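Have the sequence and the 3D view ready.

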Amino acid sequence: MWLLIRITAYLAVILGIILYRGGVPWRQFRAALEGAHAEHPTLTLIGRDLAPPLVERLATEYQRDYPALTVDLLPGGTNQALEALLAREADVAFLLRTPTAREQDLFRQADGDTAVVVAIGVGGLVLLAGAEASVGPLTVDDLRAALVAPENGTEPGSGLPPYCSRLYACDPNEGSWDALLEALGTAPAQEINDQVVFLADPAAVLDAVAADPGAWGLVSTLGSGLDPAAGPPPGTRFVGVVVSRDKAAVPPIGSHIATGDYPLHHFLYAACRGAGNFEGGKFVTHLASARGLRQVERSGVVPARMVARTIQLSRDPVGADAPKGNGR
């Protein structure tokens, strides 16, 4: 009898410590239970503009798997998607960059947990040249020196001339500019060359560089509708970017992005709140799974990671009663 009382007391003390110091996410657990039994479950996704064909297909195929689920797909870029996720206006946000430390602190303050972020696809950052601008090739180091100041921030970069007169890029809120700086190994806070002109969206960038013979334009293969395999848009040419001068420039098609022969690549991420609802977490888990990544690949986008598949080789014909092979 006393042994049972002592065991009960010990368990009560342990439970008290867990509740007080262990940070048991009761709100998250409760939200998961409520979401799992919702009569009319909904899933709100935001960030469609970053990769319209891919995101639309992923949403359509997921809703086909769960016909009782209502999937809402909202437009927006990276910053807008993060703001909507933090404000609980969306369950899943598509992003072209990972949340900053400050942004994760905001999620932690709101939920007691950071946002969950997974990479799902890989796109290319394409430099297009007007009719009179240089097409290179230039190295990643050359491009970094042309765009940003040195790390001490006291000296200007080498400048875009003689390559081009200016560079058109999407509004930084979209996310491809931060993705470029990450690909160049450059901190976002560094001073940017004043010859960079930001425009509203990829369509505006493509129009601007086609109309400005001396300019370059920067767009992502995922959000611009550009198919590098079909060649550059009329009035433009691809700028060759290489890792080192002994490499030959290659077009930014999927196979070259996957092998790293084309060096300017970026990831498409999906994020949900660490203490968010059931449906958001389930969708992000699906995207990170082998099935989700195969859906990304079938959409014509390089998946963020290739899933290993087991292949069994045999010299024997299929069938239990088939004769053994001769080993040749």
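## Ground rules

This is a predicted model: local features need pLDDT of at least 70, side-chain atom pairs count only at pLDDT 80 or more, and totals for chains, interfaces and linings use all residues. Residues are numbered from 1 along each chain as its sequence is written, and side-chain values use heavy atoms, with hydrogens and water left out.

## The cores

A nonpolar core is a set of buried Ala, Val, Leu, Ile, Met, Phe, Trp, Tyr and Cys residues joined through side-chain atoms within 4.5 Å. Buried means under 20% relative accessible area, exposed over 50%, and partly exposed in between (1.4 Å probe, protein chains only).

The largest core here has 29 residues, and Leu147 and Trp216 have the most contacts inside it. There's also a second, separate core of 25 residues, with Leu58, Val92, Leu287 and Val296 among them.

## The aromatic rings

Searching the whole structure turns up 5 aromatic pairs. Rings of Phe, Tyr and Trp (its six-membered ring) pair if their centres lie within 6.5 Å; planes under 30 degrees apart are stacked, over 60 edge-to-face, and the rest tilted.

Tyr62 and Tyr66 have ring centres 4.9 Å apart and planes at 45°, so they're a tilted pair. Tyr62 is buried at 1% relative accessibility, while Tyr66 is partly exposed at 34%. Together with Phe283, these two tyrosines form one aromatic cluster.

Trp177 and Phe198 make an edge-to-face pair, 5.3 Å centre to centre with 90° between the planes. Trp177 is buried at 4%, and Phe198 is partly exposed at 35%.
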